[in-house]
Number of protein chains: 2
Amino acid sequence: MKPKNTSSGLKEVARYSGVSIATVSRVINADPKVKAETALAVQKAIKTLGYRPNRVAQRLRATTARRRLVGLLIPDIQNPYYVDIIRGVEHYAYNQNATVIIGNFSQDPKKEELYIDILRSESVDGFIVATTPRTEKKVELLIEEGIPVVCIDRGLRSLKADVVKTDNEAGAFMATEHLIRLGHKRIAHIAGDKEIPTTHERIAGYRAAFKKYHLKTEEGLIFSRKSDYESGVQLTEEILALKCRPTAIFTANNLLTLGSYEVLHRHKMKIPEEIAIIGFDDVYWANSLNPALTAVKQFGYEMGQQAAELLYKRLSHPQAPPASLIIKPELMIRKSCGES
Amino acid sequence: MKPKNTSSGLKEVARYSGVSIATVSRVINADPKVKAETALAVQKAIKTLGYRPNRVAQRLRATTARRRLVGLLIPDIQNPYYVDIIRGVEHYAYNQNATVIIGNFSQDPKKEELYIDILRSESVDGFIVATTPRTEKKVELLIEEGIPVVCIDRGLRSLKADVVKTDNEAGAFMATEHLIRLGHKRIAHIAGDKEIPTTHERIAGYRAAFKKYHLKTEEGLIFSRKSDYESGVQLTEEILALKCRPTAIFTANNLLTLGSYEVLHRHKMKIPEEIAIIGFDDVYWANSLNPALTAVKQFGYEMGQQAAELLYKRLSHPQAPPASLIIKPELMIRKSCGES
DNA sequence: CTGAAAGCGCTTACAG
DNA sequence: CTGAAAGCGCTTACAG
């Protein structure tokens, strides 16, 4: 019934190597004050006994920055963009011998709040969060309590935390400009949920491109519902039902893009001849779509790494002023807008 | 410098409500022996102080089954099938007030071993693992030590653990039979990595369908490299280069399918007229592909839930004999094989 | 350079 | 029904 206690514990290592548990602890933490030969003996004992420190006990005792646990709050693990971020954070953490604990709240506000509390109770070194305006207060509370937080994808309005995000306006501008240069004048924009700040930044980029080319932007061509697949489907249907159809669509994220593709195919629209499409967010299987998707690539993986790095920097410099890392996206030209 | 200690701790709650910390602890754990009015008073104190138990301390002290942490070992978080599994596990855990800690080893053997050790050091209640034969020994060790393990997607050869998996042979049979009934006789199979047991089960299903229809299976049409996107690309190229091309392809997982689509589109093959394609694994954007993908759906989300449930059952019945849950997949008929 | 001891925030027999 | 005390497995001043 009771599990054999194989993970011997500090005591056994101490006994085996003839020192105190304090010393064993010191060699585990690479304390340079330990005499070399003592350290060696202890290391041997650790190896032969197969000892592994209990991370829970370490964390309970440890002071911040040595807990080796980072909390990552993610809106939707089904969205490949967030998966990239997760992988990036994880990669950095792995190299620091840290673990990451993910709170995937699936766009559910209740879960979102709860996960903040839970991760906090897990004594994370700090948080990396893709905030929703909804929980902004709660996140600010964390910061006031001295818990390091870095925002990813979206910053805090109060700007009190580090942030790494994409230059959304620039990305949307690039996409729209690409279409304009190809001769499109009536471009629909399927925007994301207006609750989310990035949505507005992308709309701004869309408008800016029109402005630069002295084109007027038709307000009726900006569509928005939520940021999910289903909204992509519904809004594309609305667009196709327009008496005077636009010649191109710019979708604001990968879920919307996918939803849009579904409808375009169902209506047997020729892409890009009858309608061109360009999406925000690149995916690794963009070439498996037909035609291959031209998209604005956000560097999710790199952003995740940077965020983790920022977090650990802040751990050692809690008083440093908040930093912003704005990553320029890149246009991946493939086939869905025609040859450029 | 030092974070304000807002999360008051048992002591403050005890002081505030005029009882001992033992009593506070009891009401947190819903011990029925506590007098109702005492409990009420304590609950009020907890609420007004905004107290939240420190999960790390709880876990250190707790005995198995009350640690509320499940370890999930996943081969590749970029694969949507595993994302479904993660979501399922998480859903169940959430309802148990448990957290799940994910070890995503990205198909890297070294990471795989390391994550087992790390999750173990985190004192998980138990593991849910998609094993690789590589780490089978290590997983068996876990079991011998009395740590509950449930395998997902793939079982243990020794059968010593609970397992929830798809009926792979049946799934592959369904896919192949579907193609045969549509009149295809020469069907290529892009199988997964031969190191992985599911690969062989799917090949067996493929063969079985041929047998049932008294067709001979051409060994030269079974292709295998690894289980990733790139292999899908390469093997499809090989297939198209064949002097005598098959009329259909059956791909063994979603990554291979996507790779295959890329090549088929690049070569401007008409699907399904020139070549039909059917894939193992369904994805939520199957309709965004062109043509919409006909696929064998594995119930990843449900499997994840079941696995978590099995894990918690085993926690209360450690001696129960290992259970196997074999889930029947379902054929999702769309357009990539033509109308049925 | 090393050990004895206190303590991280909890839970749980053991008394009463 | 409740409290005092031991202890989970570590780390870290404090002595020496």
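Student: Why are E3(B) and E4(B) called paired strands?

Tutor: In this predicted model, E3(B) and E4(B) share three bridges in the parallel sense. Pairing requires at least two bridges, so the three bridges of E3(B) and E4(B) qualify. Within E4(B), B:Val149 is the residue opposite B:Phe127.

Student: What makes E2 and E11 of chain B edge strands?

Tutor: The open sheet of chain B has six strands in the order E2-E1-E3-E4-E5-E11, with parallel pairing. Strand E2 (99-104) and E11 each pair on one side only. Neighbouring strands of this sheet are turned by 15° against each other on average, direction ignored.

Student: What is the strand order in chain A, and which strands stand at its edges?

Tutor: Chain A has an open sheet of six strands, ordered E2-E1-E3-E4-E5-E11 and paired in parallel. E2 and strand E11 (324-327) of chain A have a single partner strand each, so one side of each lacks a neighbour in the sheet. From one strand to the next, the twist averages 15°.

Student: How do you know that E5 and E11 of chain A are paired?

Tutor: Strand E5 (residues 162-166) of chain A and E11(A) have four bridges in the parallel sense. The cut-off is at least two, therefore they pair. A:Thr166 stands opposite A:Ile327 in E11(A).

Student: How do you know that the length of helix H12 of chain B fits its number of residues?

Tutor: H12 (residues 300-316) of chain B has 17 residues, which at 1.5 Å a residue should span 24 Å. The end C-alpha atoms are 25 Å apart, which agrees.

Student: What makes up the side of chain A that touches chain B?

Tutor: 43 residues of chain A are in contact with 43 residues of chain B. Among the elements of chain A that each supply at least two residues to this side are helix H4 (55-61), strand E2 (99-104) and helix H11 (254-266). H4(A) gives the largest share, five residues. By class, this side has 20 nonpolar, 13 polar and 10 charged residues.

Student: Where in chain A is the pLDDT below 50?

Tutor: The mean pLDDT of chain A is 93, and 97% of its residues reach 70 or more. Over residues 1-6 of chain A, however, the pLDDT is below 50. Where pLDDT is low, the predicted coordinates should not be read in detail.

Terms used
Residues are numbered from 1 along each chain as its sequence is written. Chains are lettered from A and ligands numbered from 1 in the order in which they are written. This is a predicted model: local features need pLDDT of at least 70, side-chain atom pairs count only at pLDDT 80 or more; totals for chains, interfaces and linings use all residues. The expected span of a helix is 1.5 Å times one less than its number of residues. Two residues are in contact if their C-beta atoms, placed from the backbone, lie within 7 Å. Ala, Val, Leu, Ile, Met, Phe, Trp, Tyr, Cys and Pro count as nonpolar, Asp, Glu, Lys and Arg as charged, and the others, Gly among them, as polar. Axes are lines fitted to C-alpha atoms, for helices over the stretch in contact, and angles run from 0 to 180 degrees between N-to-C directions. pLDDT is the predictor's confidence in each residue, from 0 to 100.
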